[in-house]
Amino acid sequence: GTVFFWLYALFLSLRTWRCKNVHYDLAFILDTSSSVGKDNFEKIRKWVADLVDSFDVSPDKTRVAVVLYSDRPTIEFNLSRHKTLEDVKRAARNIRFLGGNTMTGDAISYTTRNIFTERNGARPQAKGVQKVAILLTDGRSQDYVLEPSQEAAKAGIRMFAVGIGEALKEELEEIAAAPKNAHVFHVTDFNAIDKIRGRLRRRLCESKSVCLPKCSCTCNSYFQKQTNEQQSVFSKYADLQMLMFCIVLYLYVFINDHI
């Protein structure tokens with residue numbers, strides 16, 4: 001019973017930890033063109049609210065903004081507007097649906113020039129807070145995205161590109177930061193966007209994380225040691241503690257990939 005109690009406690013602590021050790025100026029750039037539709041946009045609202053739940057939102061930790069775009073981009077709320085996680089989640093659940101065309105390149109340029117500025121709540125470069133943008137679109141852009149994306153990269157913005165349905169892989173790769181396989185995500189339809197939330201969250205959480213990579217190495221070294229020395233994993237109490245921790249760590253990574 002004691003073993004299962006500690007496994008459960010460790011699991012809960014890792015779930016609570018989530019992205020709490022990384023602090024961002026984080027912007028969502030959301031396609032609200034007519035092809036998305038009101039019903040599907042409701043799924044996007046929920047997806048954004050669920051994803052920000054991973055972060056410790058406050059003025060001195062992670063700040064969150066949302067940019068909407070169709071024919072033209074507009075700020076739904078900037079980085080300084082909402083001070084708490086609950087405020088951001090409430091605002092995310094009430095994001096407006098606009099309708100119209102899909103001017104993705106214009107939205108990227110607008111975000112670079114208008115969101116990641118001190119005037120709109122971004123922190124000075126000297127603070128060392130990473131700028132991250134997550135762009136979500138369901139189709140081909142009606143303008144060029146390469147130059148605006150390069151401009152964003154030069155401004156120090158790390159871009160993730162999330163494509164749904166007919167979104168073009170080549171275009172998503174032009175938008176996203178390198179390495180492309182870590183920053184490009186694609187799903188077949190809006191019902192599937194929750195499937196990538198866990199993987200995207202892991203990319204965000206691990207980007208500046210010390211714990212997970214280091215702990216994973218520790219666990220791998222531990223199991224290698226057990227194999228080399230041909231000793232029981234239960235031979236020492238310390239071994240049992242390490243085994244429990246590694247089980248929970250791998251369980252956490254597995255669940256994050258499938259939530």
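Which residue in β5 is the bridge partner of T137? Please look for it before I go on. The partner is G163. Keep in mind that this is a predicted model.

β4 covers residues 130-137 and β5 covers residues 157-164. They run parallel, and 7 bridges join them.

Now the whole sheet. It is open and has 6 strands, in the order β3-β2-β1-β4-β5-β6, with mixed pairing. At the edges are β3, residues 73-77, and β6, residues 184-187. Each of these has a single partner strand, so one side of each is left without a neighbour in the sheet. From one strand to the next, the twist averages 20°.

Next, the helices on the sheet. Helix α4, residues 104-114, lies across β1, β2, β3, β4 and β5. Its direction is at about 50° to β3. Helix α8, residues 193-206, also packs on the sheet, where it touches β1, β4, β5 and β6. The direction of α8 makes about 165° with that of β5.

Last, a helix pair. Helix α2, residues 38-52, packs with α8 at an angle of about 25°, and the axes are 11 Å apart. That angle is under 35 degrees, which makes α2 roughly parallel to α8. The crossing is right-handed.

What meets what here? From α2 we have K43, I44, K46, W47, D50 and L51, and from α8 there are I193, D194, I196, R197, L200 and R201. By type, the residues of this contact are 6 nonpolar, 6 charged and no polar.

Notes:
Residues are numbered from 1 along each chain as its sequence is written. This is a predicted model: local features need pLDDT of at least 70, side-chain atom pairs count only at pLDDT 80 or more; totals for chains, interfaces and linings use all residues. Side-chain values use heavy atoms; hydrogens and water are left out. Two strands pair if DSSP finds at least two bridges between them. Helices (H or I, at least four residues) and strands (E, at least two) are DSSP runs, numbered from the N terminus. Axes are lines fitted to C-alpha atoms, for helices over the stretch in contact, and angles run from 0 to 180 degrees between N-to-C directions. Contact means heavy atoms within 4.5 Å. Angles under 35 degrees count as roughly parallel, over 145 as roughly antiparallel, 65 to 115 as roughly perpendicular and the rest as oblique. A crossing is left-handed if the near helix is turned anticlockwise from the far one by less than a right angle, and right-handed if clockwise. Ala, Val, Leu, Ile, Met, Phe, Trp, Tyr, Cys and Pro count as nonpolar, Asp, Glu, Lys and Arg as charged, and the others, Gly among them, as polar.
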